[in-house]
Amino acid sequence: MDYPEKPKNWTCVGVILDAHGIAGGLKIRSFCEVPKSIEKYNPLIVENYPETLTFKIVGNIKDALQATTPKIKDRDSAMKLKGKLLFAERNQLPAIDKDEYYFTDLEGLTVKDTNDITIGRIKNVENHGAGTFLEIVLNKELKTILVPFNKNTVPTVRITEKYIILNES
């Protein structure tokens, strides 16, 4: 199985940061609201890995989690997974409120200005602790911009219609 993009009906819930120890342990960052809850969504797809893996959270390491999986038994195998994204089956995730969105719901949406003119597409959604930002590829300039994802900057989100409105002022 090769997943150059996100697997269909699966949502990114974390990333493998590094190997931990010599027995196949992994250091992972969970994107879940409660980080340890990533374990509830097993088994997970690992980006570009041929099978799903079941993870067990065994500890905390600063801003990450220490995890093991029965199929990864040595440091070399664990190192090959460094930087790989983790995906959970969408129907395993908790229901969300009307004004909440999974990042994966926003990726790929058309971006329109306040005059309803298409100006780009959402390439990625990022949150590094200072808030959520949308990475938008603009059509005309063929460049990428980062904008904060909040009600002032993005007053309208229409998931089913596949677009957002960007307030450029």
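Contact here means heavy atoms within 4.5 Å. By that criterion, residues 24 or more positions apart account for 48% of the contacts in the protein with a separation of 6 or more.

The model is predicted: local features need pLDDT of at least 70, side-chain atom pairs count only at pLDDT 80 or more, and totals for chains, interfaces and linings use all residues. Residues are numbered from 1 along each chain as its sequence is written, and side-chain values use heavy atoms, with hydrogens and water left out.

**Overall layout**

The C-alpha trace spans about 55 × 30 × 30 Å along the principal axes of the protein. There are 2 helices and 13 strands; helices (H or I, at least four residues) and strands (E, at least two) are DSSP runs, numbered from the N terminus. Of the 169 residues, 39% count as buried. Buried means under 20% relative accessible area, exposed over 50%, and partly exposed in between (1.4 Å probe, protein chains only).

**The sheet**

Seven strands form an open sheet in the order β4-β3-β7-β1-β2-β6-β5, with antiparallel pairing. Two strands pair if DSSP finds at least two bridges between them. At the edges stand β4 (52–53) and β5 (56–61), each with a single partner strand, so one side of each is left without a neighbour in the sheet. Within the sheet, β2 and β6 run antiparallel and are joined by 3 bridges. I28 stands opposite L65 in β6.

**Nonpolar cores**

A nonpolar core is a set of buried Ala, Val, Leu, Ile, Met, Phe, Trp, Tyr and Cys residues joined through side-chain atoms within 4.5 Å. The largest one has 23 residues, and those with the most contacts inside it are I28, I38, F55 and L86. At least two residues of this core come from each of β1 (10–20), β2 (25–30), β3 (44–46), β6 (64–68) and β7 (85–89). The largest share, 3 residues, is supplied by β1. Another core, of 14 residues, lies apart from it and includes L106, I136, V157 and L166.

Leaving aside neighbours within four places in sequence, F55 is in contact with I16, L26, E39, N42, L44, V46, A67, T68, T69 and L86.

The peptide bond from N42 to P43 is cis, with omega near -10°, and P43 lies in the loop between β2 and β3. Two residues other than glycine have a positive phi, as tabulated below.

On a 1 Å grid over the protein atoms alone, a pocket is an open set of points where a 1.4 Å probe fits, with protein on both sides within 12 Å along at least five of seven lines; lining residues have an atom within 4 Å of a point. About 180 Å³ of space lies in the second largest pocket, where grid points are joined across faces, edges and corners and a volume is the space filled by probe spheres set on the points. Its lining consists of K98, D99, Y101, F149, N150, K151, V154, P155, T156, V157 and R158. These divide into 5 nonpolar, 2 polar and 4 charged residues. Ala, Val, Leu, Ile, Met, Phe, Trp, Tyr, Cys and Pro count as nonpolar, Asp, Glu, Lys and Arg as charged, and the others, Gly among them, as polar.
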